[in-house]
Amino acid sequence: MSQQTLRDKLWLWGMRVNALQETGSYSAGEEWQNSTLTTEQAIQRTGITNVLMAGGLPLTRETLDSMPSAKRIIAKWTLHSHSPEKGNYLDYDGCIRALRGAKELAAADTRVEAFLIDDFSTGTIDAGVKPEHLAQLQFVNAAEFPHLPLCGTTYTMSLDRPELPALLPYFAMLLVPLWHADQIETIPAALDRVSELSGGKPMLLCLYFWDFGNGRPIPRDLMLRHLEVGEMMLREKRVIGLEFTGTCLMDQDWEANHVFYEWLEEKGDKPIS
C-alpha cells in the first residue's frame, strides 16, 4: 500500500444541499446563508473522498450515483424516532429496514462499508434501548449478506450515562463528536474513556464548522486548536480518522471554514502512518 496522507484519514459528513438551513432553526441568523454545495462538489473542493452519507441524503442508488468521486462510504440511520406526543421512542423496525437497504446497496457498490446508528448516546438511550436490541440487530446483520460493521455515535457529553458500558461493545466502531466547541481540551481524556467503555473499539473523531452546543460561530483560534488536537489524535493513533460536519456548511463565509481550508492546503498531503 502506498504511503497515506492526512487527507486520506479525513471524512465528510455528506448532506443534501441547504439541509440545515431549510430546517428553519439556523436560517434566521445572519451568520447562516443559503448553501449551494453538493456532496460531490465538497469532495472536489477538498479532495476528501471518504463520505458519511447523512443529512437528508436518502439511502438510495441515486444518492450513491450523485457522488461518483467518493471512494469510501458509510450509510447512516437512527434506532429511534421522535414525535411531539411520544418524544424519543425506539424504532427498531425502521432501523432494520434501513440496514437492509444499506446492505442491498453495499452488495452492488463496494464503496459502502459500514452502517452508523446516529445520535445513539443521546436520543436512542433516551428512547430506552437495551443490549438485546443491539444483539438482535447484530444477528440480522450477520445472518444476511453482506455484513456491514455497525457504528454508533457517542457524544463526549454522554460518557457518564450509566447505560453506556453495556451498549458500546456491540459496535465495531464509534463516531465521537465534540458538541461544545469550547471543550476541545477534553478530547484526549474523552477518547480514553470511550476506549475504556467500548473495549478499545476504533473511533472517528467528529468536529464541526459551527458550535452547535453553544449556538455560535467557532472563532479562528479555536477552530485551529480543533484541527491541532484532531491531527495529534490521528498521529498518536488514538483515532482512525477525523470527520467534519457537514457539507452544507462548508461554503459559508465563516472563520472556521477559512481556517479549515488553509489547514487542509498546508497539511492535507503530508504523510501519515
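**Loops and helix packing**

Analyst: Helices (H or I, at least four residues) and strands (E, at least two) are DSSP runs, numbered from the N terminus. It's a predicted model, where local features need pLDDT of at least 70, side-chain atom pairs count only at pLDDT 80 or more, and totals for chains, interfaces and linings use all residues. Residues are numbered from 1 along each chain as its sequence is written, and side-chain values use heavy atoms, with hydrogens and water left out.

User: Is Gln21 buried or exposed?

Analyst: Gln21 is buried, because its relative accessible area is 3% (buried means under 20%, exposed over 50%, partly exposed in between, with a 1.4 Å probe and protein chains only).

User: What lies 3.1 Å from a polar atom of its side chain, I mean Gln21's?

Analyst: That's the backbone oxygen of Gln33.

User: OK, other loop. Where does Gln252 lie?

Analyst: Gln252 is in the loop between β12 (241-245) and α9. With 4% relative accessibility, Gln252 counts as buried.

User: And what does Gln252 touch?

Analyst: Leaving out residues up to four places away in sequence, Gln252 touches Gln21, Glu31, Trp32, Gln33, Asn34, Ser35 and Asn257 (contact means heavy atoms within 4.5 Å).

User: Switching to helices. How do α8 and α9 cross?

Analyst: α8 passes α9 in a right-handed crossing. The axes of α8 (residues 220-235) and α9 (residues 255-267) come within 8 Å and cross at roughly 40°. Axes here are lines fitted to C-alpha atoms, for helices over the stretch in contact, and angles run from 0 to 180 degrees between N-to-C directions.

User: Which label does that give α8 and α9?

Analyst: They're therefore oblique to each other. Angles under 35 degrees count as roughly parallel, over 145 as roughly antiparallel, 65 to 115 as roughly perpendicular and the rest as oblique.

User: Which residues meet there, between α8 and α9?

Analyst: From α8, Arg220, Met223, Leu224, Leu227 and Glu231 meet α9 residues including Phe260 and Trp263. Phe260 also has Thr46, Ile48 and Phe209 among the residues it touches, not counting those up to four places away in sequence.

User: How about α3 and α5?

Analyst: α3 and helix α5 (residues 131-143) pack at an angle of about 25°, their axes 11 Å apart. α3 and α5 are therefore roughly parallel to each other.

Note on methods. A polar contact is a pair of N or O atoms within 3.5 Å; within protein, one must be able to donate a hydrogen and the other to accept it, and residues adjacent in sequence count only if both atoms are side-chain atoms. A crossing is left-handed if the near helix is turned anticlockwise from the far one by less than a right angle, and right-handed if clockwise.
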